[in-house]
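Subject: Structure handover

Hello,

I am passing this structure on to you. Please open it first; my notes on what was found follow below.

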Amino acid sequence: MVSHKEFVGAGKQPGLQVWRIENLDLKPIPKALHGSFYTGDAYLLLFTTSAPSYNIHMWIGDVCSQDESGAAAIFSTQLDDFLGGGPVQYRELQNCESNTFVGYFKSGIKYQKGGVASGFKQVVTNDMNVKRLLHIKGRRAIRATEVDMSWSSFNKGDCFIVDLGKDIYLWCGSECNRFEKLKAAEVGINIRDNERNGRAKVHMVEEGEEPAAITEALGPKPTIASSTVDDDKVDISNKNKGALYMISDASGSLKVSVVAQRSPFKQAMLSPEECYILDIGVDKNIFVWKGPKANATERKAAMSTGQMFIKDKGYSEKTQIQVLPAGGETTMFKQFFCDWKDKDETTGPSKAYTIGRIAKVEQVPFDASTLHSNKSMAAQHGMVDDGKGQVKIWRVEGGEKVPVDPSSYGHFYGGDCYLILYSYSLGGRERHIIYTWQGLKCTQDELAASAFITVKLDDSMGGSPVQVRVTQGQEPPHLMSLFQGKPMIIHSGGTTRKGGQSETAKIRLFHIRQSSSCATRAVEVEVSASNLNTNDVFVLKSSKDLFVWRGVGAGDEEMQAANHVGLFLGGNSIQVSEGKEPGDFWSVLGGKKDYQTSKTLQNVVKPPRLFGCSNKTGRLIVEEVPGDFTQSDLATDDVMLLDTWDQIYLWVGNEANAEERTGAPKIAKEYVDSDPSGRSGLPITTIKQEAEPPTFTGWFQAWDFKMWESDPFDRMRDRF
């Protein structure tokens, strides 16, 4: 194993380490200058989590030499080797960096002209003789690129930083919006605090109000060009259907063969003896997966194989490559597999809940009594409270809402649509949630009417309720908890309308499962032994018998729920334990079949992802917020989409325009339907700014309810 003196301290502490390639050697970059890159250079970065787990990034500037990028690749492989082959490796190219990379630099990345070869030393701190112009681009991933120090570099739609050493001027074009100004101000403050050690002054300058210092530096001001539209924005609404290839060097030279032409894939397609390429070149992205038992040559050549693959396919040179060891797969990779299970996934009935965002995490069980004090638990279990507030239910009928008899609350029929209004108090204020439940067998007219009636009800309550659209079979835990101790019972078809009931089937099978928040649901499923599951309880009703089947992993609460279902269906129940079934039981089910006996069926915890939906460029685009997001990433002039894996939240900013408001729900639906892992029909919850429930705020650390009472811009000015 080749070692380098710089590797000795590598990965010893959590955080980021950065080296520049100088004369084909590694030169460490001081922390204050992290995030600044010369476009003529190559860099090596190592990010270490507290787990520990590692990310290695090699960053290549636009005008970097072949020798330097080659050296970066060699050092990247050596560092990976030094850390035992466990890190995830990324190839990063200027202006096309991965979200993971951009996430390390929340106040932006700066690109500077020059590099080692042209005699540029890395920027020094406290240099008061600087004269440069930085062009700020981006609403989520912020990039500041050094451009020619001339008025011809300016346009009305962007922000620019005129950096004169002692004074840092933030120039904002007349067509740029507030959120972009806020982000540009963060870059200015970052230069002052890190590059100048706090010894410079930041000034805000509106177009047309330039002080003498700017005209002295740039000359007399001509007419400024209008804003430019970004056409290279890729819509990342997850349409990236991938292809899977196997790499082998059996013949002495590396060969690539197709395993599957499109996602979703099955995890079993990845053999531990091989290496694979997951190709989403349409999205300028490929993954190389290293099997734990693949031979050393294949594993070491993973990055260069990826580069060869890009060349052979004729993909853009800007295509990102991620090299993943088995066990170190990223969420972005795992989402292409419909059945991905991590090695140490939970076996109990409770969905794991994570504190922090990386690797081995503490898991906290659900406890209803701490819902109000523990916001992040409320969010991870999808519970605003314990469900003991007021409930009103209507059925959609003939384009109107008709009250449902309270005695049948909790029963939902697949041929109907329902509106459930839930009212509760939080922080001394009454709050409301409208659940719109849509049966899988209801008519197109009822679907349309249910959406229309929901909007009418929302308007009649002043627009403050949270709206949640629920598809049959995808009920969120909170909705299931509204029936206090009784299970929510979902009938596969039929309706509660007078005279509208369809004939119920002669044999019926109900699947009973408790959610992580202790609410239980009984869902009618197809009568077949293949639907049984060792973790759950099932109720089987025929014309003469009522069986209650208990799986080995099922709990007492699920048995109690089964008794409720039994009472509703009628008849004396016969208790059946898994493994001791009488012959009659199997014959009613239509014979024995294989069913799910694995105990590790629980949901894996996926880190939440936040996207902005904006049409500021003239067309509606979706862009992910890189890194750990915070409340200030919610752009008040946009609609934001928060994906927590089993729920989608749409947050509507007060200043979002009409096209964003109407377009975002369509995007949310497309986002889920086009998900490469094949999830669909998830609940989509719409939330208005300043009426956020704890199920939403708990995903953000230290949520501040007063944040928008004062202008964020004034708060930013206070930091100048």
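How much space lies in the largest cavity? About 90 Å³, in what is a predicted model. The structure holds three cavities of 30 Å³ or more.

The lining of the largest cavity consists of 13 residues. Those nearest the centre of this cavity are Ile433, Tyr435, Val468, Gln647 and Thr695. By residue type, the lining has eight nonpolar and five polar members, and no charged ones. Domain 4 (375–491) and domain 6 (609–712) each supply at least three of the lining residues.

Next, the sheet. Strands of a sheet pair through backbone hydrogen bonds, either parallel or antiparallel. Here there is an open sheet of 10 strands with mixed pairing, in the order 19-18-21-22-23-34-33-32-30-31. Strand 19 (400–403) and strand 31 (621–624) are its edge strands, each pairing on one side only. On average, neighbouring strands of this sheet are turned by 25° against each other, direction ignored.

Start with the end of the sheet at strand 19. Strand 18 and strand 19 run antiparallel and are joined by four bridges. In that pair, glutamate 397 stands opposite glutamate 400 of strand 19. The hairpin of these two strands has two residues between the strands, and glycine 398 there takes a positive phi near 55°. Strand 18 (residues 390–397) also pairs with strand 21 (residues 417–426), in the antiparallel sense and over six bridges. Tyrosine 418 in strand 21 is the bridge partner of arginine 395.

Further along the order, strand 32 (residues 639–643) and strand 33 (residues 648–652) make an antiparallel pair with five bridges. Within this pair, leucine 642 has tyrosine 649 of strand 33 as its bridge partner. Helix 13 (residues 658–673) packs on the sheet. The strands that helix 13 touches are strand 23 (466–471), strand 30 (609–614), strand 31, strand 32, strand 33 and strand 34 (684–688). The direction of helix 13 makes about 165° with that of strand 33.

Regards

Key: Residues are numbered from 1 along each chain as its sequence is written. This is a predicted model: local features need pLDDT of at least 70, side-chain atom pairs count only at pLDDT 80 or more; totals for chains, interfaces and linings use all residues. Side-chain values use heavy atoms; hydrogens and water are left out. Two strands pair if DSSP finds at least two bridges between them. Axes are lines fitted to C-alpha atoms, for helices over the stretch in contact, and angles run from 0 to 180 degrees between N-to-C directions. Contact means heavy atoms within 4.5 Å. On a 1 Å grid over the protein atoms alone, a cavity is a set of points where a 1.4 Å probe fits but cannot get out, and a pocket is an open set with protein on both sides within 12 Å along at least five of seven lines; lining residues have an atom within 4 Å of a point. Grid points are joined across faces, edges and corners, and a volume is the space filled by probe spheres set on the points. Ala, Val, Leu, Ile, Met, Phe, Trp, Tyr, Cys and Pro count as nonpolar, Asp, Glu, Lys and Arg as charged, and the others, Gly among them, as polar. Domain bounds come from an automatic or database domain assignment.
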